[in-house]
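Here are my notes on the model you sent over. I start with the aromatic rings and then move to the DNA.

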Number of protein chains: 2
Amino acid sequence: MTHAKTTYQFEDLLDKHQLKKTAPRLRVLSMMYSKNTATSQPDLESVMHDIDRVTLYRILNVFEEKGIIHKVFDLNGTANYAICHSNCGAHKHHDEHVHFNCTNCKNVYCLNELTLPALNLPGGFKAEGFTLYASGLCSKCSKKAN
Amino acid sequence: MTHAKTTYQFEDLLDKHQLKKTAPRLRVLSMMYSKNTATSQPDLESVMHDIDRVTLYRILNVFEEKGIIHKVFDLNGTANYAICHSNCGAHKHHDEHVHFNCTNCKNVYCLNELTLPALNLPGGFKAEGFTLYASGLCSKCSKKAN
DNA sequence: ATTATAAATGCAACAATATTTCATTTACTA
DNA sequence: TAGTAAATGAAATATTGTTGCATTTATAAT
């Protein structure tokens, strides 16, 4: 599931999207790939306190545009960012998966393995994208609860 | 579907939740009941410009706590508020319905009539609430598109 | 290797929003 | 009708989103 990525692979990823291989970008990539949960901008800031707030903001924006990451809002409405594992491209995200927000540890998990069941909308509504949000206890926190 | 509510019914609603029947609260209720889409705080502010911003903020908060309304984030992460039609109570929301965010008119619809299909989560994950977000063109905008 | 240039960064400044404090007003109770 | 607790409005602060610009850096061309 979690592939250990090397710096070279991150550089290739940036190359592929015609982005310059800068230190801040490589650090953001390696941090996000090392986690199986989405990361909020506040979290990123506190870990990489030497990188400017605005730089992070712009890195996240350009990564999202290029389809490297996708944005997901947690229960409090704060933006979290996660690596796009499936076939995402610029302006064409396929993040039609399930997001799980743990009410205890506040982590946001992207459950990529799950596919969304079909759904028929009322007349006239033409859906393009779906995201299912589930909230509750994640596997770690439900273990602790015993 | 859309019930025309009288002032008396709004007063009863506030009574039921041990909230004082004040003018700002009644106006917020009547505005939200008159729409079939969720309302953002900016929208509320612009319509009721004589009510203080902070008052609106607190009214929305207390309504949400009491289970009168629920919060839903649109594609941009801004909070929208809608009346809870089903059996919601304080700290126990049953907003397990579908939210539809129109990419054209930006409106957020609560599709209460739809029920979510079952979903089995990975081992250990205990879900309490579900919300499905769909985005695309709403019935009005898809008509216009022809 | 060196240089030119376009892009990325960091900083300052600004805008918008969320949130707290407190004095005043208002709704309800006795 | 008076007393009380709650709600409001206004000011002030914190946090977050966003833009402009000078400086630095990565890359392409020489």
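1. Ring pairs tie A:Phe100, A:Tyr109 and B:Phe125 together as a cluster. By pair I mean Phe, Tyr or Trp rings (for Trp, its six-membered ring) with centres within 6.5 Å; planes under 30 degrees apart are stacked, over 60 edge-to-face, and the rest tilted.

2. Before going on, some housekeeping. This is a predicted model, where local features need pLDDT of at least 70 and side-chain atom pairs count only at pLDDT 80 or more, while totals for chains, interfaces and linings use all residues. Residues are numbered from 1 along each chain as its sequence is written, chains are lettered from A and ligands numbered from 1 in the order written, and side-chain values use heavy atoms, without hydrogens and water.

3. Over all chains there are 7 aromatic pairs. One of them is A:Phe100 with B:Phe125, edge-to-face at 4.9 Å centre to centre and 80° between the planes. That pair crosses between chains: A:Phe100 sits in strand β4 (residues 98-102) of chain A, and B:Phe125 in the loop between β5 (108-111) and β6 (126-137) of chain B. Strands here are DSSP runs of E, at least two residues, and helices are runs of H or I, at least four, numbered from the N terminus.

4. Buried is under 20% relative accessible area, exposed over 50%, and partly exposed in between (1.4 Å probe, protein chains only).

5. A:Phe125 and B:Tyr109 also pair edge-to-face, 5.3 Å centre to centre with 85° between the planes. A:Phe125 is in the loop between β5 (108-111) and β6 (126-137) of chain A and B:Tyr109 in strand β5 of chain B, so this pair joins two chains. Both A:Phe125 and B:Tyr109 are buried.

6. Now the DNA. The largest share, 5 residues, comes from α4(A).

7. Which part of the DNA do the arginines reach? A side-chain N or O atom of A:Arg58 is 2.7 Å from a base oxygen of DNA strand C, and for B:Arg58 the distance to a base oxygen is 3.3 Å.

Terms used: Polar contact = N/O pair within 3.5 Å; in protein donor to acceptor, adjacent residues only side chain to side chain.
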